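Subject: Structure handover

Hello,

Here is the structure I said I would pass on. My notes on what was found in it follow below.

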Amino acid sequence: MASYVMRFSVRGPVRHLSHLELMKVFRQAFRRASFPTSFSEGFNPHMKLSFAIAKGVGLESLGELLEEEAREPVNQDAALQQINEALPDGIQVLELRLKDGSKALSALVDKAMYLIRGDEAALSRAMEQLGREELLWEVRSKKGISQRNLKDHLSDISRTPEGILLLLDTGSKRNLRVDYLLDCLGGGLSAIRLELWGDDGPLLDRISRENGKADEMEVRL
């Protein structure tokens, strides 16, 4: 058995696929690419495939992560090429890495890096609002209407030539949908997810460090 992490991008019309539709696309691609996927046991076996976190419908991304368990090790370069040939236009696996460690990706996600894009006027207006101590958003629930300070979920905000870079709480512990943030900042803005982070930085960097430690242990043994 071997577990692999794949970083993939979703661009163009396929960004409107739902989470379940995206999972179906990858299941079909793995079958067409003859990837030696592991299946669960029982009367209704399913492919051992999981995403780090669901991507919002309509959101473009360069940094989605999925974990796939294989029955046997694969040639990573060949597998990446075969999977991409089986995927539809707009979805591309950018990296394929061996994963060491038992913790699921979904348990490691803590934040996500986004690029907020728009024209100069919209970006300037957004930066002005992001510079305030409070960025209030109305939350409606069965208990009534309350206000939520979105600034509590933001960090590392910076302006770049491409737009506004920021980290947004993303995961099971604390989570803020990026479309809520865009609505609060006003019209004329869009977002693309660049990277998924854990509590100590980008998840792929953590996976590389863990793999490096495993390699060192093998050498010592």
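**The largest pocket**

The largest pocket has a volume of about 460 Å³; please bear in mind throughout that the model is predicted. Its lining is made up of 19 residues, and those closest to the centre of the pocket are Gly56, Val57, Leu59, Val178 and Asp179. Sorted by class, the lining of the largest pocket has nine nonpolar residues, five polar ones and five charged ones.

**The cavity**

One cavity of 30 Å³ or more is present in the structure. The volume of the largest cavity is about 40 Å³. Which residues line the largest cavity? They are Arg7, Gly63, Leu65, Leu194, Glu195, Leu196, Pro202, Leu203 and Leu204. At least two residues of this lining come from each of β3, β10 and α6 (203-220), and β10 has the largest share, with three residues. By class, the lining of the largest cavity divides into six nonpolar residues, one polar and two charged.

**Helix α1**

Helix α1 covers residues 19-32, which is 14 residues. From the first C-alpha to the last, α1 reaches 20 Å, close to the 20 Å expected at 1.5 Å a residue. Its buried residues are Leu22, Met23, Val25, Phe26, Ala29 and Phe30. Why do they lie on the same side of α1? They do so because they cover an arc of only 155° around the axis. On the other side of α1, the exposed residues are Leu20, Lys24, Arg31 and Arg32.

What do the buried residues of α1 pack against? Their partners are the strands β1 (2-10), β2 (49-51), β3 (60-70) and β4 (91-99), together with the helix α2 (76-86).

As background, most residues other than glycine have a negative phi.

- Ser34 follows α1 and sits in the loop between α1 and β2. Its phi is positive, about 55°, although Ser34 is not a glycine. Ser34 counts as exposed because its relative accessibility is 61%, and the cut-off for exposed is over 50%.
- Asp156 is part of strand β8 (residues 154-160). Its phi is also a positive value, near 50°, in a residue other than glycine. With a relative accessible area of 56%, Asp156 is exposed.

**Ile145**

Ile145 belongs to strand β7, which runs over residues 144-149. Is Ile145 buried or exposed? Ile145 is exposed, since its relative accessible area is 52%. Leaving aside residues up to four places away in sequence, Ile145 touches Glu138, Val139 and Arg140. Gly63, one of the residues that line the largest cavity, is 82 residues from Ile145 along the chain, and the C-alpha atoms of Ile145 and Gly63 are separated by 34 Å.

**Where to start**

1. The cavity, with the three lining residues that come from β10.
2. The buried residues of α1, among them Leu22 and Phe30, and then Ser34, which comes after α1.

Regards

Conventions:
Residues are numbered from 1 along each chain as its sequence is written. This is a predicted model: local features need pLDDT of at least 70, side-chain atom pairs count only at pLDDT 80 or more; totals for chains, interfaces and linings use all residues. Side-chain values use heavy atoms; hydrogens and water are left out. Helices (H or I, at least four residues) and strands (E, at least two) are DSSP runs, numbered from the N terminus. The expected span of a helix is 1.5 Å times one less than its number of residues. Buried means under 20% relative accessible area, exposed over 50%, partly exposed in between (1.4 Å probe, protein chains only). The arc is that of the directions from the helix axis to the C-beta atoms. Contact means heavy atoms within 4.5 Å. On a 1 Å grid over the protein atoms alone, a cavity is a set of points where a 1.4 Å probe fits but cannot get out, and a pocket is an open set with protein on both sides within 12 Å along at least five of seven lines; lining residues have an atom within 4 Å of a point. Grid points are joined across faces, edges and corners, and a volume is the space filled by probe spheres set on the points. Ala, Val, Leu, Ile, Met, Phe, Trp, Tyr, Cys and Pro count as nonpolar, Asp, Glu, Lys and Arg as charged, and the others, Gly among them, as polar.
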